[in-house]
Amino acid sequence: MSAMTTACATDALPDGTVDAVVIGGGAAGLNGALMLARSRRSVVVIDSGTPRNAPAEGVHGLLGLDGTPPAELYGRGREEVRGYGGLVVSGEVRAAEHAAPSADGDLRFTVTLADGRVLTARRLLVATGLRDVLPDLPGLAGHWGRGVVHCPYCHGWEVRDEPIGVLATGPASVHHALLFRQLTDDLVYFAHGTELDEETRTRFDARGIRVVDTPVEEVVEDGNGGIGGVRLTDGPVVARRVLAVASTPVARTEGLAGLGLPMENLPGGGRSFASGPAGATGVPGVWVAGNVTDPMAQVGASAAAGALAGAHINALLAVADTDAAVAALAAAGNGTASATIA
């Protein structure tokens with residue numbers, strides 16, 4: 001994935017403890033921050049500016065915003081968060097860790113940025129997203145997000161009727177091929193060392209999907225910067241304009257080891273953070289949202305998950321604030337009574 005940067009202006013870090021720090025400035029993180037800011041919570045988003053979908057020309061399948069360039073969507077999101085008093089800080093997190101609780105027992109976390117700046121927060125929302133690990137095939141990665149695609153719902157309409165090749169990476173690629181067959185009549189399945197049983201071959205034949213068993217050696221260009229086809233290990237080039245490949249999703253966990261968040265293995269490979277309702281984790285005070293815990297979530301689903309997590313964080317903060325107020329009131333009452341008796 002490209003390291004294209006989308007973050008622009010950056011806010012100054014606030015002094016003191018904030019209600020929430022959101023790590024990640026994509027759809028999940030920004031929508032979580034929006035919910036918190038609209039609830040008059042002090043919230044800071046740490047945005048590295050490297051969203052998963054940066055190479056894509058537009059976000060698709062998002063009602064009312066279909067086709068919006070990712071950079072434009074996130075730019076709007078940052079300004080909306082700021083409009084409610086939230087802060088968006090450009091930077092990368094070097095360490096997020098537990099800190100000593102407050103005097104009244106409320107949770108505390110420290111977040112240290114790569115440049116050494118430190119934030120203290122009552123709660124954390126981790127929305128760092130994931131990285132797509134691609135097969136190690138010469139010429140493949142450079143076309144990621146354009147001629148090399150992974151999701152028929154994100155990119156399918158844009159590559160309809162093109163000569164498409166499915167580069168198999170495992171059993172899930174069989175269903176991948178059926179989805180892309182819906183989009184083109186010209187589909188080639190490159191088994192690339194994976195096994196296909198006779199039933200699957202019969203099903204592919206019935207749908208007009210051609211199977212190439214010879215492994216792929218490299219992706220070749222067409223002279224105009226696009227994909228021209230794939231070269232097989234025995235020499236021939238099979239012409240293709242688009243390659244569909246199922247990536248291995250790996251959660252972005254850099255700097256987060258100190259939180260001790262539980263992780264889980266994904267079917268077909270890859271790792272993500274484990275989560276429960278509203279993105280709650282097994283670590284009190286820490287929530288996760290978006291692709292870091294749900295690799296299949298598109299932008300709309302990630303944004304919705306961030307909103308739900310943000311609302312849940314605010315709800316529990318409201319309980320904590322009330323508990324602290326009751327304790328303070330009781331302490332003040334006891335102090336007054338003692339002073340009167342004395």
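This is a predicted model: local features need pLDDT of at least 70, side-chain atom pairs count only at pLDDT 80 or more; totals for chains, interfaces and linings use all residues.
Colleague: Which element is His312 in?

Modeller: His312 lies in helix H6, residues 299-341.

Colleague: And what joins the side chains of His312 and Trp287?

Modeller: A polar contact of 2.9 Å joins those two side chains.

Colleague: How far apart are His312 and Gly32 in sequence and in space?

Modeller: They are 280 residues apart in sequence, but their C-alpha atoms are 9.6 Å apart in space.

Colleague: Switching to H2. How many residues does it have, and what does it span?

Modeller: Helix H2 covers residues 70-83, which is 14 residues. From first C-alpha to last it reaches 20 Å, close to the 20 Å expected at 1.5 Å a residue.

Colleague: Which residues of H2 are buried?

Modeller: Pro70, Leu73, Tyr74, Gly77, Arg78, Val81 and Arg82 are the buried ones.

Colleague: Why would residues three or four places apart point the same way?

Modeller: An α-helix has 3.6 residues a turn, so residues at that spacing point the same way.

Colleague: What follows H2?

Modeller: Gly85 follows H2, and its phi is positive, near 95 degrees.

Colleague: Now Thr112. Where is it found?

Modeller: Thr112 is in strand S5, residues 108-113.

Colleague: Buried or exposed?

Modeller: Thr112 is buried, because its relative accessible area is 12% and the cut-off for buried is under 20%.

Colleague: What does Thr112 touch?

Modeller: Setting aside residues up to four places away in sequence, Thr112 touches Glu92, Val93, Arg94, Ala95, Arg117 and Val118.

Colleague: Last topic, the sheet with S13. What is the strand order?

Modeller: The order is S12-S13-S14, three strands in an open sheet with antiparallel pairing. The edge strands are S12 (216-221) and S14 (237-239), each pairing on one side only. From one strand to the next the twist averages 30 degrees.

Colleague: How many bridges join S13 to S14?

Modeller: Three bridges join S13, residues 227-232, to S14, and these two strands run antiparallel.

Colleague: Which residue in S14 is the bridge partner of Arg231?

Modeller: Val237 is the bridge partner of Arg231.

Definitions and conventions. Residues are numbered from 1 along each chain as its sequence is written. Side-chain values use heavy atoms; hydrogens and water are left out. Helices (H or I, at least four residues) and strands (E, at least two) are DSSP runs, numbered from the N terminus. The expected span of a helix is 1.5 Å times one less than its number of residues. Buried means under 20% relative accessible area, exposed over 50%, partly exposed in between (1.4 Å probe, protein chains only). Contact means heavy atoms within 4.5 Å. A polar contact is a pair of N or O atoms within 3.5 Å; within protein, one must be able to donate a hydrogen and the other to accept it, and residues adjacent in sequence count only if both atoms are side-chain atoms. Two strands pair if DSSP finds at least two bridges between them. Axes are lines fitted to C-alpha atoms, for helices over the stretch in contact, and angles run from 0 to 180 degrees between N-to-C directions.
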